[in-house]
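Subject: Structure handover and notes on helix packing

Dear colleague,

I am passing on the structure below, and after it you will find my notes on what was found there. Please read them with the model open.

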Amino acid sequence: MIWELARGRRIDFRQRVQVMGVLNVTPDSFYDGGRYSEPAAAVERALSQAEAGADIVDVGGESTRPPLYGPAAEVPAAEEGRRIVPVIEAIRRHSDIPLSVDTVKAEVARQALAAGADIVNDISALTHDEEMATAAAEAGAPVILMHRRGTPATMQRNTHYDDLTGEVAGYLESRVDHAGRHGIPARRVAVDPGIGFGKSFAGNHQLLRRAGSFSVRGCPVVVGASRKSFLWKPVGLTPDDALEASLAAGILAVIHGARALRVHDVKETVRAVRLLEAAP
């Protein structure tokens with residue numbers, strides 16, 4: 001699948017695995033909250049990710065961390081837009097790298113797309129805001145749709161599934177179909193099984209090993225496991241200690257069919273994935 005973007009750019013999921021650099025312009029994200037909340041620091045981070053080989057930079061202005069790290073603050077659309085729009089505009093002055101906006105709010109998505117973002121990464125899979133599908137369709141923007149159970153505050157209260165793979169795949173298929181009914185064809189959709197969002201330790205590992213199972217309607221699979229607690233908590237480490245585990249999780253997902261990785265550590269991930277791709 002190829003996404004054609006503005007200014008003649010494209011994202012080709014067939015050619016190679018796409019590496020998405022995480023850029024949290026928030027004070028409270030679980031791993032890097034506060035590091036890039038100032039526009040100048042955020043822009044510098046985005047440019048360094050591009051230089052390190054990122055295919056996409058994913059800009060988010062609202063934390064969705066689980067309660068393990070303390071409650072995430074709900075951010076009004078006006079504040080979320082205030083955080084991300086100047087950053088996107090500034091990145092655009094320096095780089096043509098594809099940008100995704102990580103938001104569940106149509107108003108924020110519209111602002112971000114107008115400022116120069118290309119893709120909408122909606123962790124609610126177009127369920128939080130009924131106007132989101134219209135906002136993306138009107139802009140001709142590709143979307144990333146994720147499976148989650150509940151909200152960031154409640155998602156880890158129930159992590160039991162009778163058939164985790166089947167239920168996640170079925171949900172994603174229904175959301176891809178929903179997008180299609182609202183003007184976003186499947187060829188402009190990627191799907192994310194939602195590692196860490198309402199999943200158990202074993203469930204997260206199952207999603208990695210079955211990543212390709214979620215390629216519903218032919219949509220490429222995005223996996224975001226980077227620095228999450230299932231990689232470090234069981235062995236008594238911290239998010240700062242989780243680089244090696246994050247790389248291992250990413251490679252495992254790619255081996256099993258993922259076509260994009262959303263990561264904090266772009267340089268290391270790019271090197272690991274490109275080595276894998278170069279193997280005979």
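Before turning to the helix pairs, one term is needed: a crossing is called left-handed if the near helix is turned anticlockwise from the far one by less than a right angle, and right-handed if the turn is clockwise. Please also keep in mind that this is a predicted model.

**Helices α3 and α4**

In that sense, the crossing of α3 and α4 is right-handed. Helix α3 covers residues 106-115 and helix α4 covers residues 132-139, and the two pack at an angle of about 15° with their axes 8 Å apart. Since angles under 35 degrees count as roughly parallel, that angle makes α3 roughly parallel to α4. On the α3 side the contact is formed by A106, A109, R110 and L113, which meet M132, T134, A135, E138 and A139 on the α4 side. Sorted by class, this contact of α3 with α4 comprises six nonpolar, one polar and two charged residues.

The C-alpha atoms of A135 and A109 are separated by 7.1 Å, although the two residues are 26 places apart along the chain.

Which residues of α4 are buried? They are M132, A133, A135 and A136. Viewed down the axis of α4, these buried residues fall within an arc of 165°, so they line one face of the helix. Just after α4, G140 takes a positive phi of about 65°.

Two loop residues may deserve a look when you go through the backbone torsions. L126, which lies in the loop between β6 and α4, has a positive phi of about 70° although it is not a glycine. With a relative accessibility of 4%, L126 counts as buried. R227, in the loop between β9 and α7, has a phi near 60°, again a positive value in a residue other than glycine. The relative accessibility of R227 is 4%, so R227 counts as buried.

**Helices α1 and α2**

Helix α1 (residues 39-51) packs with helix α2 (residues 77-94) at an angle of about 45°, their axes being 9 Å apart, and α1 and α2 are therefore oblique to each other. Here too the passage of α1 across α2 is a right-handed crossing. The residues that meet are P39, A42, V43, A46 and L47 from α1, and V87, A90, I91 and H94 from α2. By class, the contact of α1 with α2 divides into eight nonpolar residues, one polar residue and no charged residue.

**Helices α8 and α9**

The pair of α8 and helix α9 (residues 266-278) packs at an angle of about 35°, with axes 10 Å apart, and the crossing of α8 with α9 is right-handed. In this contact L243, L247, I251, V254 and I255 of α8 meet E268, T269, A272, V273 and L276 of α9. The contact of α8 with α9 contains eight nonpolar residues, one polar and one charged.

**Helix α6 and L207**

How is helix α6 packed, and what covers its buried residues? The buried residues of α6 are G203, N204, Q206, L207 and L208, and they pack against α5 (164-181), β9 (222-223), α7 (229-232) and α8 (243-255). L207 belongs to this helix, which runs over residues 201-209, and at 0% relative accessibility L207 counts as buried. Not counting residues up to four places away in sequence, L207 touches L164, P193, G194, I195, K199 and F214. By contrast, G60 lies 147 residues from L207 along the chain, and the C-alpha atoms of these two residues are separated by 24 Å.

Terms used: Residues numbered from 1 in each chain as written. Predicted model: local features only at pLDDT ≥ 70, side-chain atom pairs only at ≥ 80, totals over all residues. Heavy atoms only, no water. Axes fitted to C-alpha atoms, helices over the stretch in contact; angles between N-to-C directions. Helix = DSSP H or I, 4+ residues; strand = E, 2+ residues; numbered from the N terminus. Parallel < 35°, antiparallel > 145°, perpendicular 65-115°, else oblique. Contact = heavy atoms within 4.5 Å. Nonpolar A, V, L, I, M, F, W, Y, C, P; charged D, E, K, R; others polar. Buried < 20%, exposed > 50% of the residue type's maximum accessible area, 1.4 Å probe, protein only. Arc of directions from axis to C-beta.
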